[in-house]
Each structure stands twice: as structure tokens, then as C-alpha cells.
Amino acid sequence: MRTRLIFVRHGESVHQLEGIVGGPRGCRGLTALGHEQAHDLANRLTGEVAADGPVAVYSSVLRRAVETAQPIGAAFGVRPVADCGLCTWHTPPYADGLPTALFRTDHAVAGGGVFRPFEEGNESWAELVVRVSRAIMEIAHRHRGSTVVLVGHSETVEGAFHALAAQPVFRAFDLDVPPASITEWTTDHDPGGWPPARWTLRRFADTGGWARA
């Protein structure tokens with residue numbers, strides 16, 4: 001009974017081009033290119049997993065992820081489930097819509113790092129990893145033996161390396177996750193079993209020909 005988790009980073013977004021913090025208010029969704037990428041992702045995924053049977057689709061609650069997930073869910077005939085656990089940083093309300101550079105400089109926290117936030121009121125990296133990892137494992141357990149598409153952010157994809165590959169909270173390497181890319185993990189073990197299931201990374205940051213943004 002293979003469990004297949006397909007992580008999708010949202011398409012090109014308005015907040016990304018404008019360089020602002022894209023929280024619940026600051027996120028203005030996808031650009032025209034981003035919408036095109038989302039429809040292309042839907043076509044790619046339906047072609048690749050058509051033989052898998054029923055496919056579940058999840059997304060973060062942020063508009064850019066929701067808009068990416070909508071054509072994917074439609075292609076599979078399901079309504080995407082929004083899960084806040086799959087979100088990028090839970091930035092504080094005051095930062096939502098601020099220029100990202102300003103947030104990182106004017107609101108920086110001295111000594112910020114893995115367990116201490118980099119900015120005032122923000123999550124620490126460790127808190128983000130635990131939140132995202134828990135959401136991933138809950139979804140994997142809920143849909144064990146099935147295929148799931150999880151539409152989120154670069155941090156969602158990074159979280160999979162902690163949840164599924166048992167990487168330490170402070171990794172010894174960085175990841176470059178372009179918009180509209182696909183990362184896939186599978187396991188033939190029980191995702192909810194103990195000891196933890198061993199997962200295989202099948203592909204990482206596969207853009208399918210889209211230029212890096």
C-alpha cells in the first residue's frame with residue numbers, strides 16, 4: 001500500500017513580485033503567469049497520477065496557495081481542503097503587507113535563530129518546522145495507501161525534509177524551491193507506524209520546464 005505525497009509550491013504570486021509580507025491580508029494571490037502555472041500543474045498531475053485512484057488535495061489557507069490548488073482540485077473532481085498547518089511563516093499581524101526588507105531589518109530580533117524568532121512576534125524556525133511537520137504527518141496518516149497533493153510554500157516543501165527524512169531542525173544544507181514546482185515523496189510502510197516509516201524522495205523542485213522565478 002504505497003502512500004504518495006506530492007508537494008506543490010504555489011505559482012508566481014503578486015506579493016513575491018512586490019516584495020511584501022504576504023500574510024492573510026497582504027497576499028493578493030497569483031499573477032497572470034501564476035494562474036497559467038496552476039493550470040499547467042493541474043494538467044501535469046492528472047496525467048501523472050491518473051492511475052492512482054482517488055486523489056486528495058490540500059492547500060495552505062493563503063490566497064496564492066488556494067488559487068494554485070483550485071484548478072488541481074477541479075481536475076481531480078475534488079474540493080481542496082485548506083489546512084493552516086501547511087502555511088509559510090505565521091507572521092504577526094503588524095507585518096502583514098509590509099515590505100519584506102523592512103520587516104527583516106527594522107523588526108529584527110537580536111540573537112534570532114533556530115529557537116528564537118528572527119523578527120519581533122514571528123514564529124521561530126523550530127516552531128514552523130513542528131507545525132508544518134505535524135500537518136504533513138496527520139495528512140499522511142489520514143490518507144495512508146493513497147495519493148495526496150499538498151499545495152503550499154517553499155517552507156512546506158522544506159518541512160517535508162524534517163517530517164519525512166528525519167532531518168535535524170537545523171539542516172546542514174539549504175533548499176531552492178521555485179514557484180510551481182513539484183516535490184514527491186513515497187513510502188510503502190505505514191505512515192503512522194512505529195518506528196517511523198522510511199520515505200523515498202522521488203523528485204525535488206521539478207518545474208516541468210517553467211523558468212525559475
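The lining of the largest pocket in this predicted model consists of five nonpolar, 12 polar and five charged residues; in this division Ala, Val, Leu, Ile, Met, Phe, Trp, Tyr, Cys and Pro count as nonpolar, Asp, Glu, Lys and Arg as charged, and the others, Gly among them, as polar. Local features are reported at pLDDT of at least 70 and side-chain atom pairs only at pLDDT 80 or more, whereas totals for chains, interfaces and linings use all residues. Residues are numbered from 1 along each chain as its sequence is written, and side-chain values use heavy atoms, with hydrogens and water left out.

The largest pocket has a volume of about 540 Å³. A pocket is an open set of points on a 1 Å grid over the protein atoms alone, with protein on both sides within 12 Å along at least five of seven lines, and its lining residues have an atom within 4 Å of a point. Grid points are joined across faces, edges and corners, and the volume is the space filled by probe spheres (1.4 Å) set on the points. Of the 22 lining residues, Thr-88, Trp-89, Thr-100, Arg-104 and Glu-155 lie nearest the centre of the largest pocket. At least two lining residues come from each of α1 (14-18), α4 (100-106) and α6 (154-163), and α4 gives the most, with three. Helices (H or I, at least four residues) and strands (E, at least two) are DSSP runs, numbered from the N terminus.

The second largest pocket holds about 250 Å³ of space. Its lining comprises 13 residues, of which Trp-125, Glu-158, Phe-170, Arg-171 and Asp-174 lie nearest the centre. By class, this lining has eight nonpolar, one polar and four charged residues.

Helix α6 is largely enclosed by the rest of the structure, because 10 of its 10 residues are buried (under 20% relative accessible area, with a 1.4 Å probe and protein chains only; exposed is over 50%, partly exposed in between). These buried residues include Glu-155 and Glu-158; Glu-155 is among the residues nearest the centre of the largest pocket, and Glu-158 is among those nearest the centre of the second largest pocket. The cover over the buried residues of α6 includes β1 (3-9), α5 (125-142), β4 (147-152), β5 (182-187) and β6 (200-206).

Val-157, in helix α6, is buried at 2% relative accessibility. Apart from neighbours within four places in sequence, Val-157 is in contact (heavy atoms within 4.5 Å) with Phe-7, Val-177, Thr-183 and Phe-204. The C-alpha atoms of Val-157 and Glu-127 are separated by 15 Å, the two residues being 30 residues apart along the chain. His-162 also belongs to helix α6 and is buried, with a relative accessible area of 9%. The side chain of His-162 makes a polar contact of 3.0 Å with the side chain of Arg-171. A polar contact is a pair of N or O atoms within 3.5 Å; within protein, one must be able to donate a hydrogen and the other to accept it, and residues adjacent in sequence count only if both atoms are side-chain atoms. A polar atom of the His-162 side chain also lies 3.1 Å from the backbone oxygen of Pro-168. Residues touched by His-162 include Trp-125, Val-129 and Ser-133.

Leu-164 is placed in the loop between α6 and β5 and counts as buried at 6% relative accessibility. Beyond four places in sequence, Leu-164 touches Leu-5, Phe-7, Ile-136, Met-137, Trp-185 and Trp-199. Leu-164 and Ile-136 are 28 residues apart in sequence, with a C-alpha to C-alpha distance of 8.6 Å. The loop between α6 and β5 also contains Ala-180, where phi is near 60°, a positive value in a residue other than glycine. Ala-180 is buried at 0% relative accessibility. A positive phi, near 55°, is likewise found at Ala-205, in strand β6; Ala-205 is buried at 9%. In the loop between β5 and β6 lies Pro-195, joined to Trp-194 by a cis peptide bond with omega of about 0°.

The structure holds zero disulfides (a disulfide is a pair of cysteine sulfur atoms within 2.5 Å). Cys-27 is in no disulfide, the nearest cysteine sulfur being that of Cys-87, 9.8 Å away. The sulfur of Cys-87 is 4.0 Å from that of Cys-84, the closest cysteine sulfur, and therefore too far for a bond. Cys-27 is buried at 5% relative accessible area, and Cys-87 is buried at 3%.
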